[in-house]
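Notebook open, structure loaded. I'm jotting down a few things as I look them up.

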Amino acid sequence: MDSESWLQVSLTVDGEMAEAVAEVLARFAPGGVALETTQILPDPEGEGRPAGPLRVCAYLPVDENIEETRQRLKESLWYLGRIRPLPEPQFELLAVTSWIEAWREHYRPLAVGQRLQIVPAWLEPPNSQRLSVRIEPGMAFGTGTHPTTQMCLEAIEEFFRSKVHQQSLTAIDIGCGSGILSIAALKLGAEHVLGVDIDPEALESARQNAELNGVSAALELRQGSVTEVREGAFSLQKAPLVLANLLAPIILRLLAEGLGELLSPGGTLVLSGI
């Protein structure tokens with residue numbers, strides 16, 4: 001759309017009416033309709049699950065016909081409301097904003113530990129003395145800004161510092177996300193890393209970041225988790241370094257599924273999460 005601004009229209013309704021309201025709004029919104037939950041119930045292994053009423057939103061391009069479009073939309077909702085009462089639609093004028101660019105302005109290079117620096121893909125490394133892990137986060141978890149990620153990176157650095165005279169070191173990264181920990185391990189001295197994740201979008205993000213860092217040949221990325229690794233579905237079944245930066249309940253479940261058994265004798269298991 002070439003419009004400089006959009007008119008947001010929204011209604012909060014129960015689940016039974018959400019589909020009917022969305023159908024009405026879709027007649028006027030060329031970009032489609034969004035349904036948002038208004039309540040999140042706790043989920044022991046995630047960020048929660050949706051519940052409660054739904055907020056139905058549509059965005060109308062602001063042009064010379066916007067007032068006519070608004071009136072027609074209100075009339076359509078009025079007729080729908082004869083079947084079952086609806087709340088008044090809420091209208092809000094929104095200016096177009098490049099959210100990606102705005103976010104990028106605040107994402108700066110970050111020094112971690114003694115040797116690493118996390119560098120956004122669109123910036124140049126500020127310190128030539130540090131090993132750069134370049135990241136284009138995309139939709140995957142792992143930008144390097146979260147304290148748990150930084151602690152994992154410091155632990156990886158300490159591991160390779162203690163193994164400085166050993167050769168052919170490998171690592172397994174469970175729930176690799178953007179690939180930041182796997183890439184750091186390779187930069188610090190790993191010969192080969194297996195990164196697994198159950199989310200295909202995370203794996204695609206990790207592949208892009210591996211290419212960005214020039215480590216694609218040494219980073220094996222596969223869809224799966226502890227079970228698949230233990231069963232020998234990939235190149236590694238054990239490694240001297242195993243990483244899992246996940247939610248605490250998930251780590252507990254994975255430990256019960258044999259996460260600790262992925263360690264080589266005398267290996268190091270790095271666990272972190274929220």
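This is a predicted model: local features need pLDDT of at least 70, side-chain atom pairs count only at pLDDT 80 or more; totals for chains, interfaces and linings use all residues.

Started with the surface: I found a nonpolar patch made of Leu252, Leu255 and Leu271, with about 270 Å² of accessible area together. Patch members need over 30% relative accessible area and no salt bridge, with nonpolar side chains (Val, Leu, Ile, Met, Phe, Trp, Tyr) joined within 5 Å. Areas are Shrake-Rupley with a 1.4 Å probe, and for residues only the protein chains shown count as cover. Leucine 252 sits in helix 8, residues 248-256, and is exposed at 58% relative accessible area. My cut-offs: buried is under 20%, exposed over 50%, partly exposed in between.

Numbering runs from 1 along each chain as its sequence is written, and side-chain values use heavy atoms, without hydrogens and water.

Next, helix 5 (residues 180-188): 8 of its 9 residues are buried, so the rest of the structure largely encloses it. Helices here are DSSP runs of H or I, at least four residues; strands are E, at least two, and both are numbered from the N terminus. After helix 5 comes glycine 189, with a positive phi near 140°.

Last, arginine 134 in strand 7 (residues 131-135). What is the nearest side chain of opposite charge? I get glutamate 124, 4.7 Å away, and buried arginine 134 has no salt bridge; that would take a Lys or Arg side-chain nitrogen within 4 Å of an Asp or Glu carboxyl oxygen. A polar atom of the arginine 134 side chain does lie 2.8 Å from the backbone oxygen of alanine 121.

How values were computed:
Patches are made of residues with over 30% relative accessible area and no salt bridge: like charges are joined within 9 Å, nonpolar side chains (Val, Leu, Ile, Met, Phe, Trp, Tyr) within 5 Å. Buried means under 20% relative accessible area, exposed over 50%, partly exposed in between (1.4 Å probe, protein chains only). Lys and Arg count as positive and Asp and Glu as negative; His and the chain ends are not counted. A polar contact is a pair of N or O atoms within 3.5 Å; within protein, one must be able to donate a hydrogen and the other to accept it, and residues adjacent in sequence count only if both atoms are side-chain atoms.
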